[in-house]
Amino acid sequence: PSSVARAIDAIATNTKKSVDDAKKDVKVYDAFAKLIDAAKADEVEAVIVALPSHLHAAASLAAMKAGLHVLVETPMALSVADAKEMARTAIEKKVCLAVGQQRRYSLVYEHALEMVRKNLLEEIHYLRAQWHVPKPEKKAGDKLAKKGDANKVEEPRINWWREVPEEDKAVKAKDFGYESVDQLVHWQFDEKLSGGLVMELGGQLFDAASTILAASPNRDASQAFPLSVAGSGTQVSRDNKGDIHDHIHCVFEYMLKDYVDFGPPKSRKKIGMQFDVIFGNEFDGYGETILGRKGSMVLENEQRGMLWHMSDTDKSLRVVKKEDKKKAKVAADSQEAKEDKDAPIVATIELPEDGKADAESVAMGQLALNGADPGFIAELEHWAVCCRKPSEENKPRCDAQAGLAATVLAVAAAKAIHLGTRVDFKKEWFDIDAKETPDDLKDE
């Protein structure tokens, strides 16, 4: 009931209608199966699945089998087997299946990817993705509000500790498969309902980090998925309501150019992606830190992208075009280069001797500080276009294959934490039609 009330209130606010008028625009079903059964009669073409995570696969599959397009929030599913079945069903039923990875539509991330592709950081060798969540300090009687309301306590981006709303206390939770109303409201803290923090939050950051690494020129393009993952988890917070780990740390290994899988460790060129989730302290917020041989980049809270020369965070920098001396030397011996006499030109970053950035760099910095839409609106608009006008060009940026890949990473990381061992990835796990999955990995 509280979710229905929030939805109607949001519609009233955004359309400047009264709550009573907004209610006329909303049809409420008490089960997703009823919505799907009535979809044709109610002229429903597509559904957004934003239910508790354990229902993502079941609701998505039921909707697609009824011929409905689906945008499912992350995680796509709690098992790789379910994710593969969802992907196959979308193909079979010829419906558009998108997975809610809004960072793929964020201008901040798009800009960052362009800088990575141009090799401004030069040879990325480390990436860290983190999500640090505070426990909101709310006193009795305080009302949570959006940012900017000085008279109320600001609501954090993640508030899983909220009190059970009064209108929800009368719900017969057991009729819907929950032990209590408290479990229904706080389902994120129950591992069988949410998959834990690796599934609930990790999949989003794994997808973003993998996309960044895939754009790096020094990655080995022959294998897009990681080599391995190892991790650990523990429950530290006194405010943890359920059985999930509230502190998680993982390290993924990816192949760099010239990687070999034999010989001494120093010959195995790999890049590490570190991931951690911490509940109880929001220092560092959430986002990514990317380190290269010459540049450092920080993507902060889906709002800002910051680029520096190494650790010089207090100095201006310039983005300039220079001759690529290494490529020029190689090309100098070729007939083509002798005829052209133009050395390859690349973009790079430098610290100006006068300490001042040029106008372009200043403008880029101001743009970064203005903040940006995280990508939700663009994601929904593009999905709608893909549903109505499907084509080779009109495909969601996070389609079934990309969603499956993020699910494989999350499930494998969860297994590594649970088993206390390193998990090596297999290419069959990423194949929609292959039966192999990491779902049933056991300690050998």
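Visitor: Is Ser 53 buried or exposed?
Guide: The relative accessible area of Ser 53 is 1%. This is a predicted model, where local features need pLDDT of at least 70 and side-chain atom pairs count only at pLDDT 80 or more, while totals for chains, interfaces and linings use all residues. Residues are numbered from 1 along each chain as its sequence is written, and side-chain values use heavy atoms, with hydrogens and water left out. Buried means under 20% relative accessible area, exposed over 50% and partly exposed in between, with a 1.4 Å probe and protein chains only, so Ser 53 is buried.

Visitor: Which residues is Ser 53 in contact with, leaving aside its neighbours within four places in sequence?
Guide: Ser 53 sits in the loop between strand 1 and helix 4; helices (H or I, at least four residues) and strands (E, at least two) are DSSP runs, numbered from the N terminus. Contact means heavy atoms within 4.5 Å. With neighbours within four places in sequence set aside, the contacts of Ser 53 are Pro 75, Leu 78, Trp 187, Leu 193, Ser 194 and Glu 200.

Visitor: What is the omega of the peptide bond between Thr 74 and Pro 75?
Guide: Most peptide bonds are trans. Pro 75, one of the contacts of Ser 53, lies in the loop between strand 2 and helix 5. The bond joining Thr 74 to Pro 75 is cis, with omega about -5°.

Visitor: How many of the ten residues of helix 4 are buried?
Guide: The buried residues of helix 4 are His 56, Ala 57, Ala 59, Ser 60, Leu 61, Ala 63 and Met 64. Their cover includes helix 3 (32-37), strand 1, strand 2, helix 5 and strand 3. Helix 4 is largely enclosed by the rest of the structure, because the number of its ten residues that are buried is seven.

Visitor: Is helix 4 roughly parallel or roughly antiparallel to helix 5?
Guide: The axes of helix 4 (residues 56-65) and helix 5 (residues 80-93) come within 9 Å and cross at roughly 15°. Axes are lines fitted to C-alpha atoms, for helices over the stretch in contact, and angles run from 0 to 180 degrees between N-to-C directions. Angles under 35 degrees count as roughly parallel, over 145 as roughly antiparallel, 65 to 115 as roughly perpendicular and the rest as oblique. Helix 4 and helix 5 are therefore roughly parallel.

Visitor: How do the residues of the contact of helix 4 with helix 5 divide into nonpolar, polar and charged?
Guide: Helix 4 contributes Ala 57, Ser 60, Leu 61, Met 64 and Lys 65, and helix 5 contributes Asp 82, Glu 85, Met 86, Thr 89, Ala 90 and Lys 93. Ala, Val, Leu, Ile, Met, Phe, Trp, Tyr, Cys and Pro count as nonpolar, Asp, Glu, Lys and Arg as charged, and the others, Gly among them, as polar. The division is five nonpolar, two polar and four charged.

Visitor: How far apart in space are Arg 103 and Arg 397, C-alpha to C-alpha?
Guide: Arg 103 lies in the loop between strand 3 and helix 6 and is buried, with a relative accessible area of 4%. Beyond four places in sequence, Arg 103 touches residues including Trp 131, Gln 204, Glu 288 and Glu 302. Arg 397 is 294 residues away in sequence, yet the C-alpha to C-alpha distance is 9.8 Å.

Visitor: Does Asp 284 have a positive or a negative phi?
Guide: Most residues other than glycine have a negative phi. Asp 284 is found in the loop between strand 9 (270-279) and strand 10 (286-291). At 36% relative accessibility, Asp 284 counts as partly exposed. Its phi, about 80°, is positive.
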